[in-house]
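I opened the notebook to look up a few places in this structure.

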Amino acid sequence: MSTSLPTDLDTTKNADLIEELKRENNYEGGEETQKRIKTLQLLNKVNLDFIREVGRRQRMPQSQIDQLGGKIYPYGSYRLGVYGPGSDIDTLAVAPKNVRREDFFELFPAILRRHAGPDAVSSLTSVPDAYVPIIKLVLNGIEIDLIFAAIPSKQTLGKDFDLKDNKILDGMDEPTIRAVTGPRVTDEILALVPEQKFFRTALRAVKLWAQRRAIYANIVGYPGGVAWAMLVARVCQMYPNALGGTLVQKFFGILKAWNWPTPVQLKDIEKGSQRTWNPALYAGDKRNLMPVITPAYPSMCATFNITQSNKAVIVKEIGRSSKIADDIFNGKAKWADLFKKHTFFTHDHKYYISIIASCNEPDGAKAWAGAVESKIRHFIGGLDANTKMIKLARPFTKGFKRVHRCESDEQIKAVKRGEMKYKVEETKTIESTDPDLVAANGAGTATNDDDAAPAIADVPGAQTVYTYTYYVGIDPTALLEQTKNLDIQAETSSFKDRCYGWEKIEINKHSVEVVPCKNWMLPDDLFDPAAGEVKPSKPAKKRKFNGTDEDMPARKQAFTGANGTPTSSVNHGSETPVMTVQPV
């Protein structure tokens, strides 16, 4: 900790960081920002009209309807001031006690379309059964996550209504408490940092770094935006006079030496009637590996789903970046070195596991993929427990959507296990925040959707199959390298049981397959040659001679389907499979 004032070197490195962030297109132009402001103003008008409509349906007198009030609260990256081109906006619609959550999902979309116009809403997906019930939409070209909270203690919401007041939690159910927590945490973070300007510069850098290094995705067990924000805020508290560039250097140095599971807290945990994070009382809290605690009451752990493998990856990346940050200040590196893209597919792992969620219709595929993705962290936890075979199971932070056209059951079966031969559309990278993927609970109803079967010549009996694929990098133990036999039957079976336990499952439509492969078997569309990415090549076979200078006959290579796609095991010129997974 230090209250030292910035040096000339600090000032120079901070200016260099801002210039690099600009080169990375991290800042949004004024015109786009004005578009966001107008869009939020529109949402606020829609929310007020929605609340008045509920009052009319409840036959309230007009004088009472006029007093109801309501408000839209932006939070997340927009409220923190670290949004950039293409960033979504997290928003909370707040209403008085007479408005129900069911009213929100029933009435709000239609009222929004009436106010916005027919072409302004290009996508809208309602997810009423999510952990935090949500409407995901694209309005005026801006992705918006809209959640809802009715305040049970308020008959009206006047100008003096304060979302930060703990008393508003009285009488709230759990989904509503979770809904208001986001904005309350965001406001607390801003209130607890000494200098918001330098906090924002540092947070922009850390977010960009985490995204580039593929460790930014709460749904698969990495810190999300709010967790990274709290970690940066804690460093700001420790160095209250530091500039943004210096805060980034200190960020990596402090976290490199952090004694996990010591929690990161911005203030003492407030006590009250609501359950708060307490590892002395709750076994689940005690199991948190890298706890980062939200400052708003009731305090929770924002990183509860980090697994052992996730932790190992994060710690390794922080160590790498701490050295780079020090080299930057020593004149041996540039900020661009910190933001170099990950090498997850090109270099990092020898083995991979593909998790392929498939469905024969687009909306069902989206919802199903969301359900599968939400279970991946449990699968990683199971793989982590297989310590005899697996040193590390590293989930990638994004999924890959592909569309295929199949003419037979055999082709469909092959596509479900990773075959690329029948792909008819360009692969699309999908993040869990994308409205194209309902990620929260796998439940949802998509409307106004442009995603349809590809426009190709129809073949009698042909069927379109939609797949969403998630990848896990595997680092084997010495035992696995020696035995060449990976048995994850139990882990795969448990994972599939979780997925097929989805309440909206239709067995004749939805399928999930777990398919291992070597790095050279990965699909070509995971690599960007224009960016210099090179797909790993298949190792040359060891040549054996029989005394007549003729090669030994090549042995059967199991585990390789058409076009090099994986089936069940890999064999590279050896009678012992390189990787074997028992069918489940």
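Is H9 mostly covered or mostly uncovered, and how many of its 13 residues are buried? I am working from a predicted model. I found H9 mostly covered, with 10 of 13 residues buried.

**Helix H9.** I placed H9 at residues 244-256. From first C-alpha to last, H9 reaches 18 Å, close to the 18 Å expected at 1.5 Å a residue. I listed its buried residues; among them are Gly244, Gly245, Phe251 and Phe252. I then checked what the buried residues of H9 pack against. The partners are H1, H7 (196-212), H8 (225-238), H11 (308-329) and H12 (335-338).

**Lys13.** I moved to H1 (residues 8-23), where Lys13 sits. Lys13 is buried but makes no salt bridge. The cut-off is 4 Å between side-chain nitrogen and carboxyl oxygen. Asp16 is the nearest side chain of opposite charge, at 4.4 Å. I found the Lys13 side chain reaching the backbone oxygen of Ile328 at 3.0 Å. Beyond four places in sequence, Lys13 contacts Ile328, Phe329 and Trp335.

**Cores.** I looked up the largest nonpolar core and noted 95 residues. Phe199, Trp209, Phe251, Ile355 and Leu383 touch the most other members. H8 gives this core its largest share, 10 residues. I also noted a second, separate core of 34 residues, including Ile65, Tyr83, Ile142 and Phe148. Last, I checked Leu383 for contacts beyond four places in sequence. I recorded Ile353, Ile390, Ala393, Val472, Ile474, Ile488 and Glu491.

How values were computed:
Residues numbered from 1 in each chain as written. Predicted model: local features only at pLDDT ≥ 70, side-chain atom pairs only at ≥ 80, totals over all residues. Heavy atoms only, no water. Helix = DSSP H or I, 4+ residues; strand = E, 2+ residues; numbered from the N terminus. Buried < 20%, exposed > 50% of the residue type's maximum accessible area, 1.4 Å probe, protein only. Lys, Arg positive; Asp, Glu negative; His and termini not counted. Polar contact = N/O pair within 3.5 Å; in protein donor to acceptor, adjacent residues only side chain to side chain. Contact = heavy atoms within 4.5 Å. Expected span 1.5 Å × (residues − 1). Core = buried A, V, L, I, M, F, W, Y, C linked by side-chain atoms within 4.5 Å.
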